[in-house]
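User: I've got a new model open here and I'd like to talk it through. Can you take a look with me?

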Amino acid sequence: MPLRALARVDVGAIARNCAVLAGAAAPAALCAVVKADGYGHGAVPAARAALEGGATWLAVATAEEAAALRAGGLGAPLLVLGALSPEELPIAVAAGADVVAWREGFVAALAAHAQPGAGTGVHVKLDTGMGRLGTRDPEEAARVAAAVAAAPGLRLAGAMTHFATADDDPGFAREQLARFLPWAQRIRARHGEDVRLHASNSAATLGLPEARLDMVRCGIAIYGMDPFHEDPALRGLEPALELRSYLAEVKPCAPGESAGYGRRFVAREPTWLGTVPVGYADGVRRALTNDCDVLVGGRRVPLVGTVSMDNVTVDLGPEPPPRGSDVVLLGRQGDERVLAEEWARRLGTINYEITCGIGPRVPRAHHRDGEAVT
Ligand SMILES: Cc1ncc(COP(=O)(O)O)c(C=O)c1O
């Protein structure tokens with residue numbers, strides 16, 4: 001009997017996507033962003049696959065995520081991209097992770113936790129237009145860099161920014177780059193060649209070659225999803241994750257009979273309904289009600305009726321596949337595919353939210369081109 005719900009993740013695909021990105025970015029280094037449990041794919045196996053595919057750095061959002069990668073045996077250079085509270089600082093430092101700074105007070109607090117040895121690497125962030133983390137003031141950012149360079153136990157490892165529109169407005173991304181470069185080059189001239197300059201996410205890595213600098217930070221594309229919301233195959237990327245379930249029930253449905261809460265599907269002609277035991281608690285969002293296809297028996301069938309917490313219903317038509325048949329909600333079956341980009345379009349969101357939204361009660365099974373990996 002198939003598992004109720006399973007996210008199958010092909011680490012071979014992650015490695016191949018990283019090889020594509022590392023090849024495109026070279027000589028810039030590839031930093032694989034594995035925050036949010038590797039965008040829902042499993043952070044530790046995703047990180048291992050990324051390094052195998054040519055990434056040389058890893059990045060996460062939180063101190064706990066950094067500690068989890070170290071506990072999983074990953075020793076690669078690691079950057080915590082997110083803001084760190086005073087309580088989180090010692091966790092990041094103990095994990096031997098680099099951190100991001102943009103205030104002098106933060107540098108002083110960090111220095112108090114610094115450990116002897118190579119020192120904690122610090123990347124100073126200039127906010128060139130994202131309006132989120134970082135300082136907008138290049139002078140303040142330069143003072144922060146000088147404070148890092150002067151602090152025992154800290155090492156000025158990078159100068160960075162983050163693009164707001166690399167996927168849909170390269171003009172604004174170029175303006176951000178034009179604000180970043182003079183400042184970053186000044187920092188490097190003052191503090192040496194070891195200061196790594198980095199700015200690009202996946203979209204900029206693929207779409208804005210002049211922004212690759214010393215390192216690119218790719219998340220979405222390493223998982224085989226498209227940063228421009230199109231078909232990932234157009235850029236040589238392979239989706240790594242499939243979401244699978246099975247037909248737990250198959251039953252006839254006469255005209256006038258309905259399926260699901262609110263009777264939002266009522267049969268007009270005789271058909272067969274299938275019940276697939278996954279729902280919004282698993283990441284199949286309720287807004288996909290009457291607006292999604294799943295793959296069963298190698299063909300697309302429509303999801304009909306309301307998505308509930310633990311079940312969805314599908315219209316199997318007059319010749320239903322047998323109870324127990326495999327169902328693919330995201331991924332490929334025969335010649336048909338359902339991409340995260342398709343769900344995202346239907347839901348008015350982005351592919352990132354689709355795989356991050358696959359709930360914790362869905363087990364992840366990692367394999368390499370079909371062979372199970374542990
Ligand atoms: C600072 C930073 N760099 C890089 C990335 C990776 O972005 P993407 O997944 O679009 O490649 C993120 C992700 O949100 C980020 O916050």
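User: Which residues come nearest to the ligand?

Analyst: It's a predicted model, so take the contacts as computed ones. There are 13 residues around the ligand. Among these, the ones that come nearest are Lys35, Tyr39, Ser202, Ile220 and Tyr352.

User: What is the distance from the ligand oxygen to the N or O atom in the side chain of tyrosine 352?

Analyst: Let's start with the backbone. Glycine 219 has a backbone N or O atom 2.8 Å from a ligand oxygen, and a polar backbone atom of isoleucine 220 is also 2.8 Å from an oxygen of the ligand. For tyrosine 352 it's the side chain that takes part, and its N or O atom sits 2.5 Å from a ligand oxygen.

User: How much of the ligand's accessible area does the protein cover?

Analyst: On its own, the ligand has 390 Å² of accessible area. The space it takes is the largest pocket.

User: Which helix and which strand each supply at least two residues of the shell?

Analyst: By class, the shell holds 6 nonpolar, 4 polar and 3 charged residues. At least two shell residues each come from helix α2 (35-39) and strand β9 (215-218).

User: What is the phi of aspartate 37?

Analyst: Aspartate 37 sits in helix α2. Most residues other than glycine have a negative phi. Aspartate 37 isn't a glycine, yet its phi is positive, at about 50°.

User: Where is the cis peptide bond?

Analyst: Most peptide bonds are trans. Look in the loop between α1 (11-25) and β2 (29-33), where proline 27 lies. With omega at about 10°, the cis bond joins alanine 26 and proline 27.

User: How far apart are the centres of domain 1 and domain 2?

Analyst: The domain assignment gives domain 1 as 11-225 and domain 2 as 241-338. Taken over C-alpha atoms, their centres are separated by 42 Å.

Notes. Residues numbered from 1 in each chain as written. Predicted model: local features only at pLDDT ≥ 70, side-chain atom pairs only at ≥ 80, totals over all residues. Heavy atoms only, no water. Near = heavy atom within 4 Å. Polar contact = N/O pair within 3.5 Å; in protein donor to acceptor, adjacent residues only side chain to side chain. Areas by Shrake-Rupley, 256 points an atom, 1.4 Å probe, with all protein chains shown as cover. 1 Å grid on protein atoms, 1.4 Å probe; cavity = no way out; pocket = protein on both sides within 12 Å on 5 of 7 lines; lining within 4 Å. Sits in = over half its atoms within 2 Å of the grid points. Helix = DSSP H or I, 4+ residues; strand = E, 2+ residues; numbered from the N terminus. Nonpolar A, V, L, I, M, F, W, Y, C, P; charged D, E, K, R; others polar. Domains from an automatic or database assignment.
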